[in-house]
Amino acid sequence: MKKNIRKMFTKDTEDTPQETGIKSFNDIFTFLKDNKKFLLIICLFTLLIYANIITGDFVNLDDYSKAFTAPEFKDFGLALKSLDAFTILMSIIVQTFGIKSSVFHITSILFHMINGILVFTLLNILFEKRISIIGTLLFLAHPANTEAISWHAGIWYAGRTTIIIPILIFFALFKKTENKVFLITSTILYIFSLIFYRGGGWILITPFLLVLMDQFIIEKKIKISNIKQYLPYLLASIAFALYLLPGFIKERIEGLQTLYYVDTETATPLINRIPYTIYMEYRTLFYPKILSIYHEGKYIKPSEYTFMVFLTFAVFFAVFYFMKKDRRISGLLLMIIFGVLPSFSPVIVAWIAAERYLYIPSIFSSVIISIGLIYIESKINEKNKRQGKIKKESEKNNFVLYASITIISLYSIRTVLRNNDLRNSKNLWIASKKTAPYSYRVYNNMGDVLANEGDLDGALENFKRSFALKPDYADAVHNIGHIYMVRGNLPQAKRYLEQSLQMNPRLFPSAYKLGAIYMEERDFENAKKYFEACLQYEPASVDCSSGLQTANQMLSQ
């Protein structure tokens, strides 16, 4: 066993991508069969590092709204009409197994296993054998990927990758073999993904990754003439953008404004956001020690921002520097940036920084690390050879073996620890308070946890802290009103619930609770007003309909 592990990490670097021998679809299955032992390692390794999340609960983020209230998940006919692969998959899971947290976790882990196999295949086509092995294991263990795998609502980021990587695989095979069947397959998959894997337009990063892969990793130099090979992807993207993207952008902006209170009009200008986004992306990918579900509230000192700007320039300098040294690294550095392209939108349609966005970029950072380790080992061996320390092949330095095992082990430990944070809501918000102590959402969500545990004093303290951090955060104001309502302090409850509705008229639970309070006070006119306000934004609310019916009956007497 020890010899087999050593062999995986110490194969001669002359083992080139062309030796995969994939020239037809049958050859793909032959390749997978020939590498079945490593594919088994991929599956077992993934299961090992994510085993402790399988029995984890839902957390009070987006999971409740997505898993419990979406009507499409409970009606397969509606799911099919949505033409959305994620919605259809969730509907099948819910109707087959019910609302079970462990089932969703297992599904995410299976996606990660599949993506590991796909990444291994792609890297074998593009790089030498050792890079494909080390890069795949680093990708599987990368701690930043826990948000996409261990958080239920992050499953879509792993799911989308199962279609993006095959698109890149078949295009790479087309370039290696000149077999146009591969190009046609890649194009069909991309069009299919635009229809069924829309994901708010995130699938549109695929052509950018494809072009960068072609121009920097496959080709020896920039070839403008290759644009004709990109036309099918370009035309399909334009058609998609013109027909569907405006609606997605409008819906996303409305969601950010009404659900997350993001003021897209007064947000930080793009030119100022770029250094922060690039800094957070590269820091998380290459030094994934600090992980947080939220990245907000922290005051960035001028010296910190200066460093972010410096790092941004350093990245682009590295891109130009490696153009002559090793063009592959230039391409990979750019693919990391283009992997989170929506974060650079002039109009905010995505978070400026989010770890789940790094699921695909983590592939490219893992390859850069692999290339770097092999380069360092080659330099060590060259030095030792000049000094006469290497006289035969067996005396070569095993730096790659030990360095890879060390990094993969550290990644795995961090992933297991992060999984523990995501096992339940309380763990998550205790951990998030340490990494995002000025996030208003962290305190609001922690208040929810404590309220559910019956700790009303602790809940009220956290809700008020959230309100203090963001005075226009209607959710926290609503929750303060709810605590006062539970305690029987109706004047204070009405004050905060009315304030929350003024901040966000769409917050229909505030309207319902105000209606219930006025019903208790036998003020049926006001009760009717608030029940009607509730139904205006949530027509399907049974509680509001029942309350309105009762209020009308009392008024008619």
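This is a predicted model: local features need pLDDT of at least 70, side-chain atom pairs count only at pLDDT 80 or more; totals for chains, interfaces and linings use all residues.
As for volume, the largest cavity comes to about 90 Å³. The structure holds four cavities of 30 Å³ or more.

Now for the helix packing. Two packed helices are described by the angle between their axes and the distance between the axes. Helix H9, residues 129–141, is a handy place to start, with helix H8, residues 101–126, packing against H9 at an angle of about 155 degrees. The axes of H8 and H9 sit 8 Å apart. Since angles over 145 degrees count as roughly antiparallel, H8 is therefore roughly antiparallel to H9. The crossing of H8 and H9 is right-handed. On the H8 side, the residues involved are His 112, Asn 115, Gly 116, Val 119, Phe 120, Leu 123 and Asn 124. Facing them from H9 are Lys 129, Ile 131, Ser 132, Ile 133, Gly 135, Thr 136, Phe 139 and Leu 140. By class, the contact of H8 with H9 splits into seven nonpolar residues, seven polar ones and one charged.

H9 also packs against helix H20, residues 399–421, at an angle of about 20 degrees, and here the axes are 8 Å apart. H9 and H20 are therefore roughly parallel to each other, and H9 passes H20 in a left-handed crossing. From H9 come Arg 130, Ile 134, Leu 137, Leu 138 and Ala 141, which meet Val 400, Ser 404, Ile 407, Ile 408, Tyr 411, Ser 412 and Thr 415 of H20. The contact of H9 with H20 counts eight nonpolar residues, three polar and one charged.

H24 brings Ala 474, Val 477, His 478, Ile 480, Gly 481, His 482, Tyr 484 and Met 485 to the contact. H25 answers with Leu 490, Gln 492, Ala 493, Tyr 496, Leu 497, Gln 499, Ser 500 and Met 503. Sorted by class, the contact of H24 with H25 has ten nonpolar residues and six polar ones, with no charged residues.

Notes
Residues are numbered from 1 along each chain as its sequence is written. Side-chain values use heavy atoms; hydrogens and water are left out. Contact means heavy atoms within 4.5 Å. Helices (H or I, at least four residues) and strands (E, at least two) are DSSP runs, numbered from the N terminus. Ala, Val, Leu, Ile, Met, Phe, Trp, Tyr, Cys and Pro count as nonpolar, Asp, Glu, Lys and Arg as charged, and the others, Gly among them, as polar. On a 1 Å grid over the protein atoms alone, a cavity is a set of points where a 1.4 Å probe fits but cannot get out, and a pocket is an open set with protein on both sides within 12 Å along at least five of seven lines; lining residues have an atom within 4 Å of a point. Grid points are joined across faces, edges and corners, and a volume is the space filled by probe spheres set on the points. Axes are lines fitted to C-alpha atoms, for helices over the stretch in contact, and angles run from 0 to 180 degrees between N-to-C directions. Angles under 35 degrees count as roughly parallel, over 145 as roughly antiparallel, 65 to 115 as roughly perpendicular and the rest as oblique. A crossing is left-handed if the near helix is turned anticlockwise from the far one by less than a right angle, and right-handed if clockwise.
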